[in-house]
Amino acid sequence: MTNEEMEKAMQFILEQQAQFVANQQQISERVARLETNMAVMARAQTHMNEVVAVMADTHTHTEEKL
């Protein structure tokens with residue numbers, strides 16, 4: 001392998017590593033957003049569970065009165 005070929009190969013590897021690092025950063029940012037979204041969804045689900053429980057209690061109370 002000539003010096004020029006070696007230089008080209010090294011340049012290619014460096015470019016690929018730089019692209020990999022950039023892709024990893026994007027993935028890390030996406031994962032962070034997903035974690036935030038999952039936390040919001042978990043809180044919403046907890047709230048929905050509470051609302052359903054209140055509705056069930058209200059329904060039971062209404063049934064008892066009827």
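This is a short talk on one protein chain and its predicted model.

First, the ground rules. The model is predicted, so local features need pLDDT of at least 70, side-chain atom pairs count only at pLDDT 80 or more, and totals for chains, interfaces and linings use all residues. Residues are numbered from 1 along each chain as its sequence is written, and side-chain values use heavy atoms, with hydrogens and water left out.

Start with the fold. The protein chain has 1 helix and 0 strands.

Now the overall shape. The C-alpha atoms fill a box of roughly 95 × 15 × 5 Å, taken along the principal axes. The radius of gyration is 28 Å, while a compact globule of 66 residues would be near 11 Å. That radius is taken over C-alpha atoms, and the globule rule is 2.2 Å times the number of residues to the power 0.38.

Distances along the chain come next. Gln26 and Ala39 are 13 residues apart, and their C-alpha atoms are separated by 20 Å. Ala56 and Arg30 are 26 residues apart, with 38 Å between C-alpha atoms. For Ala39 and Lys8, 31 residues apart, the separation is 47 Å.

What share of the 66 residues is buried? The figure is 0%. Buried means under 20% relative accessible area, exposed means over 50%, and partly exposed lies in between, with a 1.4 Å probe and protein chains only.

Areas come from the Shrake-Rupley method with a 1.4 Å probe; for residues, only the protein chains shown count as cover.

Which residues make the nonpolar patch? Met1, Met6 and Met10 do, over about 350 Å². Patch residues have over 30% relative accessible area and no salt bridge; nonpolar side chains (Val, Leu, Ile, Met, Phe, Trp, Tyr) are joined within 5 Å, like charges within 9 Å. Met1 counts as exposed because its relative accessibility is 73%.

Last, charges. The chain has 5 positive and 10 negative charges, and their mean positions are 6 Å apart. Lys and Arg count as positive, Asp and Glu as negative; His and the chain ends are not counted. Each charge is placed at NZ of Lys, CZ of Arg, CG of Asp or CD of Glu.

The structure holds 1 salt bridge, meaning a side-chain nitrogen of Lys or Arg within 4 Å of a carboxyl oxygen of Asp or Glu. Lys8 and Glu4 form it, at 3.5 Å, N to O. Both lie in α1, 4 residues apart, about one turn of the helix. Lys8 and Glu4 are both exposed.

Terms used. Helix = DSSP H or I, 4+ residues; strand = E, 2+ residues; numbered from the N terminus.
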